[in-house]
Amino acid sequence: MKKNNSNLISLNAVFIVCLIIANVVTAKVIDTGLFIGSTPILIPGAALTYALTFLCTDVIGEIWGKKEANKAVWRGFAAQFLALFLICLTSMLPAHDEAMQTAYERLLGQTPIFVIGSLVAYLCSQKWDVWIFHKIRNRFFADPRRRWIWNNASTLTSQIIDTAIYITIAFGIGLGWLWQEGGVALTLGMIAGQYLLKAALALLDTPIFYLLTNKTKRECITSQNG
């Protein structure tokens with residue numbers, strides 16, 4: 001991927017779209033059919049979409065640097081606030097069709113608690129992702145072929161932070177799972193399930209990360225040989 005404004009804008013657009021869509025679809029709880037003991041492993045609908053955001057910030061950080069990656073994180077934070085405001089505003093406007101209003105509230109009415117959980121988890125995990133990515137990258141940058149180290153290390157650790165915080169706030173507290181019988185086990189099961197999925201996706205997106213940053217690798221090697 002070439003280091004130009006067009007590609008940077010495209011990555012930021014994909015990043016923000018994935019963040020906002022994740023907050024909309026997260027209310028759907030997916031049953032994996034798997035169990036940890038007697039506890040079912042459940043996954044929120046946002047798991048797949050949100051995992052893509054870490055790939056975006058890693059590519060931005062690799063090609064454009066830590067400063068641009070941090071800018072993307074703050075743009076995403078602002079975009080989620082704007083989306084939450086617009087969703088809540090639209091919900092408060094008078095509806096012509098009550099059935100449609102009910103459907104709207106059923107689909108998006110839980111969005112505020114999900115967004116709050118997402119924002120807290122987002123800032124903690126994404127800031128960690130950018131920081132640890134460049135911390136490790138600066139140590140191994142002499143050999144850009146080792147990009148898989150900082151790509152996977154940053155994503156795998158940040159996903160632990162994101163998953164634990166988000167599930168606890170959105171489902172454990174927001175939906176009251178922590179106060180229901182068997183709710184603690186259910187919450188822990190969802191944390192485990194979502195993290196395992198995100199970890200698998202993080203490993204699978206490594207070839208994509210290499211493909212998108214391949215030009216950067218060639219430039220580094222050329223500069224070293226020059």
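**Close-up views of a predicted model**

**View 1. The pairing of strands S1 and S2.** In this predicted model, Asp-31 has Leu-42 of S2 as its bridge partner. Strand S1 (residues 29-36) runs antiparallel to S2, and 5 bridges join the two. The strands form a hairpin with 2 residues between them. Gly-37, located in the turn, has a positive phi of about 70°. Strand S2 (residues 39-44) is largely enclosed by the rest of the structure, because 5 of its 6 residues are buried.

**View 2. The packing of helices H2 and H6.** Two packed helices are described by the angle between their axes and the distance between the axes. For H2 (residues 46-64) and H6, the axes come within 11 Å and cross at roughly 140°. H2 is therefore oblique to H6. The crossing in which H2 passes H6 is right-handed. On the H2 side, the residues that meet H6 are Tyr-50, Ala-51, Phe-54, Asp-58 and Glu-62. Their counterparts in H6 include Arg-147, Trp-150, Asn-151, Ser-154 and Ser-158.

View 3. Ser-158 lies in helix H6 (residues 147-174). Its relative accessibility is 0%, so Ser-158 counts as buried, the cut-off being under 20%. Apart from neighbours within four places in sequence, Ser-158 is in contact with Phe-54, Ser-125, Trp-128 and Asp-129.

Methods
Residues numbered from 1 in each chain as written. Predicted model: local features only at pLDDT ≥ 70, side-chain atom pairs only at ≥ 80, totals over all residues. Heavy atoms only, no water. Helix = DSSP H or I, 4+ residues; strand = E, 2+ residues; numbered from the N terminus. Buried < 20%, exposed > 50% of the residue type's maximum accessible area, 1.4 Å probe, protein only. Contact = heavy atoms within 4.5 Å. Pairing = 2+ DSSP bridges. Axes fitted to C-alpha atoms, helices over the stretch in contact; angles between N-to-C directions. Parallel < 35°, antiparallel > 145°, perpendicular 65-115°, else oblique. Left-handed = near helix turned anticlockwise from the far one by under 90°.
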